[in-house]
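Hi,

Here is the structure I promised to pass on. Have a look at it first, and then read my notes below.

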Amino acid sequence: MNVYLLSGLGADDWIYQNLTFPKGYSAHFIPWLEPVEGESLADYAKRLATAIDSTQPFILCGVSFGGICAQEISKFSKPEKLILISTVTSRKEKPAQMNLGSDLGLSHVMPAAMFKWAAVQSAPVLGIYDKEQVDEFKKMAEKFSPKYYKWAVTAIGNWMGSSLAIPTLRLHGDKDKIFPIGKISGADVTEGGEHIMVLQQGTELSKKISAFLIS
């Protein structure tokens, strides 16, 4: 069965390098697209979904912003199962300052270049400390445009959540600094897991995912 992977904000398939799937499951990465001026998250999700072969059964897996997009795609497609890693499912799970910033419309008055700068420098907040990994992360994050970052951060802030009747596995780290575990409900908690635990603790997460997929 096909498993379609969506990464975190400003990330590509590099973050999935330590994640493996059981025999019989084929992983396919969906890259981020440059947003269109004025595009809604729902419409963006529809463009992402064109990479999915919906004639065959499939599973969606998303990390952080990718998890939000996976939920949006699930509203109009029919995945067999959904895997959400280091992400949120409702406004109430997002940090208060993130919701306040959205309510005040702060992202609209901030220059796009500032969003990209913050993203490129965010490795420690995500849980990346090794110098070699930090360098790799910065190279990856530099590939995306300021427009993409501003649009995506605004979309995350405005997102209200989803309600999906799909078998779902939620994996969340108890050391996540972006979406603190205290506001997350219904997740399988990974001890010591930070926001980028899909990279740092891929072996552990792979075991949990495999058990979910074959159950």
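Which residue is the bridge partner of Leu-6 in β3? It is Gly-62. Before going further, a word on the ground rules: this is a predicted model, where local features need pLDDT of at least 70 and side-chain atom pairs count only at pLDDT 80 or more, while totals for chains, interfaces and linings use all residues. Residues are numbered from 1 along each chain as its sequence is written, and side-chain values use heavy atoms, with hydrogens and water left out.

Let's start with the sheet. Six strands make up an open sheet with parallel pairing, in the order β2-β1-β3-β4-β5-β6. Strands here are DSSP runs of E with at least two residues, helices are runs of H or I with at least four, and both are numbered from the N terminus. Two strands pair if DSSP finds at least two bridges between them. At the edges stand β2 (26–29) and β6 (188–190), each with a single partner strand, so one side of each has no neighbour in the sheet. On average, neighbouring strands are turned by 20 degrees against each other, direction ignored.

Now the pairings, one by one:

- β1 (residues 2–6) and β3 (residues 58–63) run parallel and are joined by five bridges; Tyr-4 stands opposite Leu-60 in β3.
- β3 and β4 also pair in the parallel sense, over five bridges, and the partner of Cys-61 in β4 is Ile-83.
- β4 and β5 run parallel with four bridges between them; Leu-84 has Arg-170 as its bridge partner in β5.
- β5 and β6 run parallel and are joined by three bridges, with Gly-173 opposite Thr-190 in β6.

How many residues of β3 are buried? Six of the six are, so β3 is largely enclosed by the rest of the structure. (Buried means under 20% relative accessible area, exposed over 50%, and partly exposed in between, using a 1.4 Å probe and protein chains only.) Both faces of β3 are covered, with Phe-58, Leu-60 and Gly-62 buried on one side and Ile-59, Cys-61 and Val-63 on the other. β5 is mostly covered, with five of its six residues buried.

Helix α10 (residues 202–214) lies across β3, β4 (81–85), β5 (168–173) and β6, and runs at about 160 degrees to β4. Axes are lines fitted to C-alpha atoms, for helices over the stretch in contact, and angles run from 0 to 180 degrees between N-to-C directions.

Two helix pairs are worth a look. The axes of α5 (residues 112–120) and α8 (residues 146–158) come within 7 Å and cross at roughly 85 degrees. That makes α5 roughly perpendicular to α8 (the label covers 65 to 115 degrees; under 35 is roughly parallel, over 145 roughly antiparallel, and the rest oblique). Ala-112, Ala-113, Phe-115, Lys-116 and Ala-119 of α5 make the contact with Pro-146, Lys-147, Tyr-149, Lys-150 and Val-153 of α8, where contact means heavy atoms within 4.5 Å.

The other pair is α1 (residues 41–48) and α2 (residues 65–74), whose axes come within 9 Å and cross at roughly 85 degrees. These two are therefore roughly perpendicular to each other. Here the contact is made by Leu-41, Ala-42, Ala-45 and Leu-48 of α1 and Phe-65, Ile-68, Cys-69, Glu-72 and Ile-73 of α2.

On to the core. The largest nonpolar core has 64 residues, and Ile-15, Phe-65, Ile-83, Ile-85 and Ile-209 touch the most other members. Such a core is a set of buried Ala, Val, Leu, Ile, Met, Phe, Trp, Tyr and Cys residues joined through side-chain atoms within 4.5 Å. The largest share of this core, six residues, comes from α8.

Is Trp-159 buried or exposed? At 5% relative accessibility, Trp-159 counts as buried. You'll find Trp-159 in the loop between α8 and β5, and among the residues it touches are Leu-41, Ile-68 and Glu-72. Lys-138 lies in helix α7 (residues 131–142) and counts as partly exposed at 31% relative accessibility. Leaving aside neighbours within four places in sequence, Lys-138 is in contact with Val-120 and Gln-121.

Cheers
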